[in-house]
Each structure stands twice: as structure tokens, then as C-alpha cells.
Amino acid sequence: MKNQWLNYFSGSVKVEIKGRGIERLINACLRNDIFIWKVKKHNEYTASFYMLLKDVSKIRLIARKSECKLYFTDRSGVPFLIKKTLLNSGFFIGTFLFLLMIFLFSNMVWNIQVRGAKPETEYLILKELKKMGIERGAFQFMVDDPDTIQKKLTDHIDAITWVGVELKGTTFYFQVVEKNQPKPEKKIGVRHLVAKKKAVITNMFVEEGQPLVSVNDYVSKGQILVSGFIGKEGQMKMVPARGKIFGETWYKSTVVLPLQSTFHVFTGKYYEKHYLSFKNISLPVWGFKKPTFSHYEIELQKKPFRFWRWELPFFYERVIYREKEKVERNYSWEEAFQKAKEIARKELLSQLEDDASIKGEKLLHRAKENGKVRVEMHYQVIENIGIPQPIIQGD
Amino acid sequence: MIGKWRRQMRNWLTNKMGLPADILMDLPRITMIGQIHIYIENHRGLLSFSDKEIRLLLKQGQLLVKGETFVIKTILPEEILLEGKISQVLYLDE
């Protein structure tokens with residue numbers, strides 16, 4: 001016997017037969033492999049039974065030869081259900097569209113709030129965000145993550161020192177700290193200015209305090225340049241010494257540079273793959289090919305989809321393959337020396353403060369040693385050598 | 001003549017070798033569960049049916065089942081499952 005519940009999927013109908021020779025009709029059904037069940041006889045000339053939907057065409061042929069008439073009274077099963085559903089399809093499409101809309105809207109950026117910025121800066125920030133594709137109605141999985149936005153904003157807008165980026169639900173919050181906010185004035189205690197290192201004074205700008213040295217003096221480290229004591233003997237007053245004392249100082253630096261070196265650079269070519277992932281299973285959506293690059297770096301971006309205010313366990317993954325190229329650099333001896341000098345100069349400048357400048361340079365020593373050049377340089381630098389030294393009041 | 005000899009042969013085989021009679025001799029196998037169900041295998045077609053009685057054709061003779069509120073739960077070319085309140089099962093010879 002067949003499983004009755006499977007009939008639910010293929011669909012079944014209830015048939016009422018009226019007429020003479022009902023038994024003959026049933027026998028004919030059996031012979032023609034028509035499966036029937038729940039046969040009931042109501043009176044001599046009427047009976048009813050159930051049969052499969054797929055056999056309806058067969059039974060029509062049989063009934064034509066018999067003396068009975070068929071009436072289909074009841075329909076049940078999936079095929080009829082589908083038919084009914086199609087009639088009500090508007091409702092289902094509506095439900096689906098509603099869910100889809102909530103899903104899409106939950107993944108959008110609805111609001112951008114900038115706090116702590118002047119109107120001009122706020123305008124600048126909004127403009128910059130627009131350039132990055134962050135505006136009302138943008139999809140969250142298309143825009144960068146907060147950390148990247150933060151980095152880009154601080155890089156591109158000079159007016160801000162720091163910006164806190166937070167994505168809460170569908171709103172971006174930006175907490176801005178502007179550069180030109182008035183800094184609370186520090187109270188400077190009484191102090192001297194002393195030499196940072198040995199130097200020859202070239203220039204002095206003293207705002208407050210009693211200078212103890214003059215231009216072209218040689219000073220050693222720790223020597224007091226500007227005293228915090230002013231006034232005549234006996235009427236001395238203590239002030240915080242302020243000013244800039246420029247002096248010529250000397251630096252020595254050594255740079256070793258190999259003639260031959262290899263490193264990787266990005267060629268700018270990249271290949272993107274997009275996935276929809278659930279837990280560990282990733283379903284590729286776009287980008288099915290393997291990247292043709294022989295050397296590449298993989299960058300992975302993963303973002304969860306949201307529904308309402310929940311994060312779904314589904315993720316949108318973007319994998320970017322960036323092509324790398326191996327570059328070999330070969331210097332001749334002369335080039336290497338030049339390059340080493342440049343490097344030395346750059347290194348020195350990065351160590352020095354902004355108001356310092358290099359007055360002159362001298363090559364002390366250069367050497368070739370197993371594939372490397374070694375350069376020793378001597379620099380004359382004009383820089384501010386005054387550093388504060390607080391006056392400790394003992395009594 | 002040959003038919004009779006074959007029948008005797010089958011009868012002998014059933015007796016001597018303990019083979020099931022319903023298979024060898026095309027007899028109906030009737031299973032009843034109390035009064036409520038009757039399951040008949042090896043029938044040869046439906047002769048008449050009403051809610052009070054059902055008459056089935058067998059290889060030899062007919063089977064008459066009497067009772068009340070009969071419903072044929074399933075009917076297949078050689079099987080029938082009848083439901084209702086069964087009071088009598090009768091063999092009718094031709």
C-alpha cells in the first residue's frame with residue numbers, strides 16, 4: 001500500500017458517481033491502475049470516493065464508456081493550494097516586499113550627526129563624507145567601516161584633530177575635536193632656559209628673562225642661556241624665561257645602504273570577489289574567477305546584514321586581491337652614495353623640530369663593504385637650543 | 001484434465017512441503033481485526049457493494065461480507081481493505 005500522505009503533494013479529488021453499474025466502474029478503475037480510496041455508497045445509485053488528481057483524465061475515458069456520471073466535489077492537496085495562493089498572490093507579494101523593505105532600510109544610513117564642529121567644519125565633513133559615498137540612503141555594506149572613515153577624515157580635513165566615528169543602528173555619529181579650539185593657557189612656572197646641547201649661538205629672541213649669553217658664544221650642555229632672575233641686585237624677581245635661542249649644533253649620522261634590494265610594490269591592479277556568507281559557508285555572488293596575479297595581498301572586508309535592529313548571522317564579504325610586484329633595485333656605487341646622503345638628510349630632518357634648518361653638510365667618510373655603502377655625514381644645524389629648566393624654590 | 005492434475009499437484013506440494021496455501025493455490029487471504037477491519041488479498045474484482053454488504057469475486061466462487069456502515073478504505077487490483085462493523089463473512093460456491 002502506498003503512503004497516503006504523499007497524495008497530499010500530488011493532489012487528490014473527491015468524486016461522486018451517479019448512475020448504474022458503480023461496481024463495474026470501480027473494477028474498471030482497478031484494471032486501469034487508478035488508485036482509489038474511501039469508497040462509500042450512499043444509496044444504490046450514488047457513491048463517492050477519493051482519487052489522485054493525475055488520474056482524472058484516465059477516469060474520464062472510463063466514465064464515458066460506463067453508464068455513470070462523475071461529479072468532482074472536493075479538491076485538496078498542494079496543487080490546489082498553489083492555485084489558491086496564486087489568486088491571493090498580491091497578499092504574499094505585499095508581505096515579501098514589506099520584509100524586503102525593512103531589510104533594505106535596516107541596512108541603510110539614515111542619519112548623520114556631527115557634534116562638536118563649527119558649521120564650516122561640519123559642512124566640510126559632510127562634503128568629504130559625500131565623496132566617500134556616505135549620505136542618507138547609502139547602504140551600510142557599501143561604505144567603509146568606522147575605523148577607515150575615521151582615518152580618511154582625519155587625513156583629508158586639516159581643521160580637525162580627531163574625529164570619533166560610531167555607527168549606531170542606522171545613524172552615523174561623528175564626534176569632532178577641532179584643531180583651532182582655544183587651548184587652556186598653561187600656567188608656566190618660573191624657570192630658566194638652558195642649552196639642550198653644546199652649540200654656538202647664532203641668534204637670540206628673548207621675550208622674558210635676563211639673557212646671560214650673546215651671539216657667537218660657545219655654550220655647553222646645561223648652561224643657563226636666559227635666566228629667570230631679573231632686576232637689580234637685591235631687588236630680584238623671578239619670572240618664567242621665554243624666548244628662542246638659535247644655535248649652531250652638530251650632528252653626525254651614519255647610513256648603510258645595500259646596492260641591491262628587492263621589495264614589493266602594489267601595481268594598482270586589483271580583483272574583487274563578493275560573497276554572502278553564513279557562519280563558515282561563503283556563497284560567491286560576484287567574481288568567480290581566480291585572480292590571475294602571481295603575487296598578491298588579500299584584503300578582507302566583512303559586514304553583517306541587519307534586520308530591524310538585529311545583526312543577522314549573514315555577512316557580506318568583500319575580498320580584494322591586490323597585485324604585488326617584486327621590484328629589484330640596483331644602484332651603482334655613485335648612485336648609492338647619493339641616495340645614502342639623501343636618506344641621512346631626511347632622517348635628520350625628521351628628528352629636528354620645524355624651526356630648525358640645515359646650514360651645511362660634510363662628508364666624513366664613505367666606504368664600500370660587501371655590497372653595501374657606508375656613509376658618515378656631519379651636519380651643521382641651526383636650531384632652537386633653549387629648553388626650560390624650572391627654578392626650584394627651596395625656601 | 002491437466003488443470004485437475006495441476007491442482008492435485010499443488011495440493012500435495014502444500015501438504016508435503018509446508019508452502020503457504022494462499023500463494024500456491026490462489027486462495028484469498030483474509031485478515032480481520034475484530035469486527036472493524038477486514039483485509040482481503042487475492043480477490044478478482046468487486047461484484048456489488050453497498051454500506052450493508054460487499055460481494056467479491058474469487059478464483060473459485062465468491063465472498064460475501066455483511067455488516068453495517070461499510071467504507072472501502074483502499075482498493076487495489078488484488079487487495080481490498082474494508083472498514084465498518086462486520087457481522088458475517090460467507091463463502092458462496094457457484
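**Exercise 1. A charged pair in chain A**

Determine which kind of interaction joins the side chains of K131(A) and E128(A) in this predicted model, and where the two residues lie.

*Solution.*
Step 1. In general, side chains of opposite charge can pair when their charged atoms come close.
Step 2. The criterion for a salt bridge is a side-chain nitrogen of Lys or Arg within 4 Å of a carboxyl oxygen of Asp or Glu.
Step 3. From N to O, the distance between K131(A) and E128(A) is 3.7 Å, and the two side chains form a salt bridge.
Step 4. Both residues belong to helix 6 of chain A, which covers residues 119–132. They stand 3 residues apart, about one turn of the helix.
Step 5. Over all chains, the structure holds 22 salt bridges.

**Exercise 2. The contact of the two chains**

Describe the interface between chain B and chain A by its residues, its buried area and its polar interactions.

*Solution.*
Step 1. Chain B contributes 18 residues to the contact, and chain A contributes 13 residues.
Step 2. Between them the chains bury about 1400 Å², with 67% of this area on carbon and sulfur atoms.
Step 3. On the side of chain B, the residues that lose the most area to chain A are L46(B), F49(B) and I75(B), which together make up 37% of what that side buries.
Step 4. Across this interface there are 0 salt bridges, but 7 residue pairs are in polar contact.
Step 5. Two elements of chain B give two or more residues to the side that touches chain A: strand 3 (46–49) and strand 5 (62–75). Strand 5 of chain B gives the most, with 6 residues.
Step 6. Sorted by class, this side of chain B has 11 nonpolar, 5 polar and 2 charged residues.

**Exercise 3. The fold and span of chain B**

State how many helices and strands chain B has, in which order they run, and what its C-alpha trace spans.

*Solution.*
Step 1. Chain B has 2 helices and 6 strands.
Step 2. Read from the N terminus, the order of these elements is α-α-β-β-β-β-β-β.
Step 3. The C-alpha trace of chain B spans about 45 × 25 × 20 Å along its principal axes.

**Exercise 4. The largest pocket**

Identify the volume and the lining of the largest pocket.

*Solution.*
Step 1. The volume of the largest pocket is about 210 Å³.
Step 2. Its lining includes R6(B), R7(B), R10(B), D26(B) and K59(B).
Step 3. By class, the lining divides into 3 nonpolar, 2 polar and 5 charged residues.
Step 4. Helix 1 of chain B (residues 2–17) supplies the largest share of the lining, 4 residues.

Note on methods: Residues numbered from 1 in each chain as written. Chains lettered and ligands numbered in written order. Predicted model: local features only at pLDDT ≥ 70, side-chain atom pairs only at ≥ 80, totals over all residues. Heavy atoms only, no water. 1 Å grid on protein atoms, 1.4 Å probe; cavity = no way out; pocket = protein on both sides within 12 Å on 5 of 7 lines; lining within 4 Å. Points joined across faces, edges and corners; volume = space filled by probe spheres on them. Nonpolar A, V, L, I, M, F, W, Y, C, P; charged D, E, K, R; others polar. Contact = heavy atoms within 4.5 Å. Buried area = accessible area lost by both parts, 1.4 Å probe. Polar contact = N/O pair within 3.5 Å; in protein donor to acceptor, adjacent residues only side chain to side chain.
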